[in-house]
Amino acid sequence: MEAMKKIVDKLMKRQDAVPFLEPVDWQGLGLVDYPKMIKKPMDLGTVKKKIEENEYASVHACAEDIRLVWSNCKKYNQDGSDFFNLAESLSKRFEDQFAKVKAEDPMIEDDTEHAPSLEEKTKFSHMIYKIKQEELGQLVEKLEDRCPEAIDKTPNDDELEINIDAIDPKTFRELDKFVKACIVNNQPKKKKTCGRVYRRISCL
């Protein structure tokens, strides 16, 4: 955990990390919708305090809180805004530093709840569009139960957005398996054929 503390200390010393050092003062800033959108606030100062008080069971749990700092910011602020871009930049910097920590200590990778890669998140987001409507409903119910901060509903509740970055690793793994199983079950069963099977060949 000492390595995580060093990462947090380095981030906190950066001048561009100032907006993330303390909890968002949404009342003082007049951001009345902030607590409605952000279900689990997090900041680097809180992460450092939790490290010092030994509240994290693993480095991955600590890493998830750090990622939550960035994902909360990107969820509340519009894509392309200064704060969104800043969170994106610091997120990449953190992931680079965290990757070095894991490389130096291979035992960290044994944690089954390690964070999904960008490629895994991208594949997951694409697979969601391939499942049935009722299966999507089941997925949303699982998220609402285990990771409500990952769901952003519109005022009319007729549409919602899933913030994959806000899904904790354990829940992500479970949902990823669920979606893959749904896709497999939805595939049409192949009919048995007799004799040779010819594939259509196109010549260019």
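**Reading the model**

Analyst: D16 is partly exposed, its relative accessible area being 25%; buried means under 20%, exposed over 50%, and partly exposed in between, with a 1.4 Å probe and protein chains only. This is a predicted model, in which local features need pLDDT of at least 70, side-chain atom pairs count only at pLDDT 80 or more, and totals for chains, interfaces and linings use all residues. Residues are numbered from 1 along each chain as its sequence is written, and side-chain values use heavy atoms, with hydrogens and water left out.

User: With which residue does D16 form a salt bridge?

Analyst: Side chains of opposite charge can pair when their charged atoms come close. A salt bridge here is a side-chain nitrogen of Lys or Arg within 4 Å of a carboxyl oxygen of Asp or Glu. The partner of D16 is R14, with the closest N and O atoms 2.9 Å apart. R14 counts as partly exposed, at 26% relative accessibility. By this rule the structure has 14 salt bridges.

User: How is a salt bridge within a helix to be read, as for D9 and K5?

Analyst: An α-helix has 3.6 residues a turn, so residues three or four places apart point the same way. Helices (H or I, at least four residues) and strands (E, at least two) are DSSP runs, numbered from the N terminus. D9 and K5 are 4 residues apart in helix α1, and therefore about one helical turn separates them. Their side chains meet at 3.2 Å, N to O. D9 counts as buried at 19% relative accessibility, whereas K5 is partly exposed at 22%.

User: Which parts of the chain does the salt bridge of D165 and K74 link?

Analyst: The closest N and O atoms of D165 and K74 are 3.4 Å apart. D165 lies in the loop between β2 (160–162) and α8 (169–186), and K74 lies in helix α4, 91 residues apart. D165 is partly exposed at 29%, while K74 is buried at 15%. Both belong to a network of salt bridges that links K74, E88, K121 and D165.

User: Is helix α4 largely enclosed or open?

Analyst: Of the 18 residues of α4, 17 are buried, so the helix is largely enclosed by the rest of the structure. From first C-alpha to last, α4 reaches 26 Å, close to the 26 Å expected at 1.5 Å a residue; the expected span is 1.5 Å times one less than the number of residues.

User: Which residues touch the most other members of the largest nonpolar core?

Analyst: A nonpolar core is a set of buried Ala, Val, Leu, Ile, Met, Phe, Trp, Tyr and Cys residues joined through side-chain atoms within 4.5 Å. The largest has 25 residues, and M4, F20, V47, I66, W70 and F94 touch the most other members. Helix α4 gives the most to this core, with 8 residues.

User: How many aromatic pairs are found, and how are they classed?

Analyst: Rings of Phe, Tyr and Trp (its six-membered ring) pair if their centres lie within 6.5 Å; planes under 30 degrees apart count as stacked, over 60 as edge-to-face and the rest as tilted. The whole structure holds 4 such pairs. F20 and W70 are edge-to-face, at 5.3 Å centre to centre and 80 degrees between the planes. F94 and F98 are stacked, at 5.6 Å and 10 degrees. F94 and F98 both lie in helix α5, 4 residues apart.
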